[in-house]
Amino acid sequence: MKYTIGIDLGGTTMTAGVVNENCEIVGKLTWATRLPRPARDLEKAMADLCRAVAKESRVSMADIEYVGIGTPGSVRFTTGFVGYNTNFGYYDWNLGPDMEALLGCRVYVENDANAAAFGEYLAGGAKGYKDAVVITLGTGIGSGIILAGKILRGFNFAAGEMGHTVIVKDGRPCNCGRRGCWERYASSRALSEDTKEAMRAHPETLMWKIAGDLDHVNAKTSFDAMAAGDPVGRQVVENWLEYVGCGVANVVNTFQPEVVCIGGGVSNQGEVLLAPVREYVKRETGNIACGNFTAIVACTLHNDAGVIGAARLAESI
């Protein structure tokens, strides 16, 4: 049996998993990232985590073919160089070569959204499809594009930023510097912001009882209110779902993938989310699709997607 290790590096925690050739995690450990800290210190911690998870899995490091790392930031896949990782405060980070020196094996480095998308493609909701786009509705909108089994990276390794495509010209300001980006309307954070705005305008809405106060509003608040029959909550959800659908329709019209996989905590709403998005996309892309419609499904791997995708990065080239 062949083994690799995948690391999902986050700002709060970093998770490493030993993955076999069937894309199964045979052992997994999560440690605190403990930021801020010097980059070299974090690299040594990741190397220690790799050794610890291999030991936990009863696999020798000598039997590990390679290590893959999914990290936030701008990653040059061919060199393992991270141009910037603003959340960590690292710039010009020579992550791949540094980790190879520490571990004595090949190390691949990829953007975390691409790694997670590749994991869903290999073993999750997009398994069995040739072309797939994986969308994560979180604080922003992350996305990864898989065409014919390979990650679309672009000449500058920055392809796939679907969250920063504009759906409302001169709309809400985005941290990227543009206005009207898809993630400013369809992320889970945008849904929470819209929920708060509706609550301020409607003191009678059930969302006040569900959340308690504005500080405890989240992306689930409006869905819970809608389920309880609250018309204001329903309106918030329906408006938000139209924004989600608009962006997904753009994805479909651009790439015509066999499947779009939707992840993030809000995807736990299941068909309450997926069914309206399918209807919107079908309506908006029908003249182009010629009767062959892209499947729209939920991601299934959740927190394991980044580990599995990172552990199989050699297959993504």
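A charge is taken to sit over a ring if NZ of Lys or CZ of Arg is within 6 Å of the ring centre and within 35 degrees of the ring normal. In this predicted model, Arg153 meets that rule, lying over the face of Phe77 at 3.7 Å from the ring centre. Arg106 is placed over the face of Tyr108, at 4.2 Å from the centre of that ring. Phe77 and Tyr108 belong, with Tyr66, to one aromatic cluster.

Ring pairs are counted where the centres lie within 6.5 Å, and planes over 60 degrees apart make a pair edge-to-face. The count comes to seven aromatic pairs. One of them joins Tyr90 and Trp93: the ring centres are 4.7 Å apart and the planes stand at 70°, so the pair is edge-to-face. Both Tyr90 and Trp93 are buried. Phe223 and Trp240 are also edge-to-face, because their planes are at 85°, with the centres 6.1 Å apart. Since Phe223 lies in helix 7 (residues 221-227) and Trp240 in helix 8 (residues 231-255), this pair ties together parts that are 17 residues apart in sequence. Phe223 and Trp240 are both buried.

Beyond its neighbours within four places in sequence, Ile262 is in contact with residues including Ile135, Leu137, Val248, Leu273, Val277 and Ile296.

Technical notes. Residues numbered from 1 in each chain as written. Predicted model: local features only at pLDDT ≥ 70, side-chain atom pairs only at ≥ 80, totals over all residues. Heavy atoms only, no water. Phe/Tyr/Trp six-rings, centres within 6.5 Å; stacked < 30°, edge-to-face > 60°. Buried < 20%, exposed > 50% of the residue type's maximum accessible area, 1.4 Å probe, protein only. Helix = DSSP H or I, 4+ residues; strand = E, 2+ residues; numbered from the N terminus. Contact = heavy atoms within 4.5 Å.
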